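The entries follow the order in which I checked things.

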Amino acid sequence: MAAPASASADSRSRPNRAAARDVVFVDGVRTPFGKAGDKGMYAQTRADDLVVKVIRELLRRHPDIPPERIDEVAVAATTQIGDQGLTIGRSAALLAGLPKSVPGFAIDRMCAGAMTAVTAVSSGISFGAYDIAIAGGVEHMGNHPMGEGVDPNPRFVSDNLVDTSALVMGSTAENLHDRFPDITKDRTDAYSVLSQQRYAAAAQSGRFDLDFVPVATRSDSGWGLATEDEQPRPGTDLDSLSGLKTPFRSHGHVTPGNAAGLNDGATGCVLTGADTAEELGLPVGMHLVGYSFAGVEPEVMGVGPVPATEKALHRAGLSIDDIGLFEINEAFAVQVLAFLDHFGIAQDDPRVNPWGGAIACGHPLASSGVRLMTQLSRHFAEHPEVRYGLTTMCIGFGMGGTVIWENPNYRGGDR
Ligand SMILES: CC(C)(COP(=O)(O)OP(=O)(O)OC[C@H]1O[C@@H](n2cnc3c(N)ncnc32)[C@H](O)[C@@H]1OP(=O)(O)O)[C@@H](O)C(=O)NCCC(=O)NCCS
């Protein structure tokens, strides 16, 4: 005879249930970003070797992390074949010399790959499944041009699920201009000049030195060392942008000057439970507050950060006015302005991308999310008057992702 339900439930021994834990971003690093293509500095460098450099550097900077206690290595890549294949989180962990007992996996959410690697392992930490994890991303767009090997189901178009323009990111940016006629080319060019200027000022004052892990490079003329980004054009002004071609639509708005480029690079960061960071004496760069992803029409994927941010703010019980610093990925200037206009933020607001963005430094797709986070953690260190910041990005095929962070250095003040 079966025991009464209550007695059976009472007598069964239960495992400990995981309780949500505070998750911290310890530190992030990145390789300098190269220009994709035969002349780029990583033309003869493998994508997985870029990831290895990042992992090694994180461990070198934080010798208090016992490698055998790393519970997960999540590495994103949009194209997961060749030197970005073979479950790159696992293969790069092995190549980096982590103990074989440390597992890893590969992850893909196009441009938000590294961001999703962070949210995935953070959820595992919060749940109690991990104490320490490495998350990052890589894209060698020289070895893997955008769209390599993809085979979109014909029904996307035949069944009118999406317009063909949804498959070309630059075309989706032109579509955004159609949707928001107030975002003129003059405005996107002005924003792009500002991004270049802010990047140049930050680079000149050594602001990126802490982020970079130098990479040995190979070319036909011998060995070299990559120590800085290859893409920036510090002399950019409105005049130099005005005559550029519009490759995605004749007489369009989107040019090589107001879009992110095609780049090679890798990023990585360490995330832990706050209790683990305390136990090991690790620095705390940021506390995770919350995150959200949201879908939008694929034809205007650039607007994705708007609903993602609204959702993340709502879940966190915060408003846009609580946010003191923004790191927005600059896939296209028009998409940044769509976000800023929506929230009533001026396009030259000093809280937004204070050290420039992807229009200047480049956007190796799946790696960029952790660049934004690393940058925000550096801003937090310089701005104890700021309590909350957010990282946000648009994502191919119509999505946006937003992660909200709290400044551990907050000492009260503005926001
Ligand atoms: C826009 C895009 C097509 C341009 O590619 P490209 O033609 O290889 O770019 P280049 O760097 O060669 O620049 C093209 C021209 O613009 C010029 N240029 C680029 N940026 C400039 C700037 N800031 N100031 C002045 N000139 C600039 C270059 O000098 C070059 O001139 P040239 O043709 O006389 O040599 C490419 O960068 C792209 O597709 N970007 C978007 C990437 C993307 O979709 N990412 C995913 C987002 S979701």
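I began with the ligand, one of whose oxygen atoms is 2.7 Å from an N or O atom in the side chain of R233. I noted that the model is predicted, with local features needing pLDDT of at least 70, side-chain atom pairs counting only at pLDDT 80 or more, and totals for chains, interfaces and linings using all residues. Residues are numbered from 1 along each chain as its sequence is written, and side-chain values use heavy atoms, with hydrogens and water left out.

I then looked at K245, where an N or O atom of the side chain is 3.3 Å from an oxygen atom of the ligand. At A260 I found a backbone N or O atom 2.8 Å from a nitrogen atom of the ligand.

Next I listed the surroundings: 19 residues surround the ligand (a heavy atom within 4 Å of it), and the closest are M146, R233, T236, K245 and A260.

I turned to T236, which I located in the loop between β7 (222-226) and α8 (238-242); helices (H or I, at least four residues) and strands (E, at least two) are DSSP runs, numbered from the N terminus. Is T236 buried or exposed? T236 is buried, with a relative accessible area of 10%, where buried means under 20%, exposed over 50% and partly exposed in between, with a 1.4 Å probe and protein chains only.

Last, I checked the side chain of T236, which has a polar atom 2.7 Å from the backbone oxygen of R233. T236 also touches V193, Q196 and L241 (heavy atoms within 4.5 Å), leaving aside residues up to four places away in sequence.

Note on methods:
A polar contact is a pair of N or O atoms within 3.5 Å; within protein, one must be able to donate a hydrogen and the other to accept it, and residues adjacent in sequence count only if both atoms are side-chain atoms.
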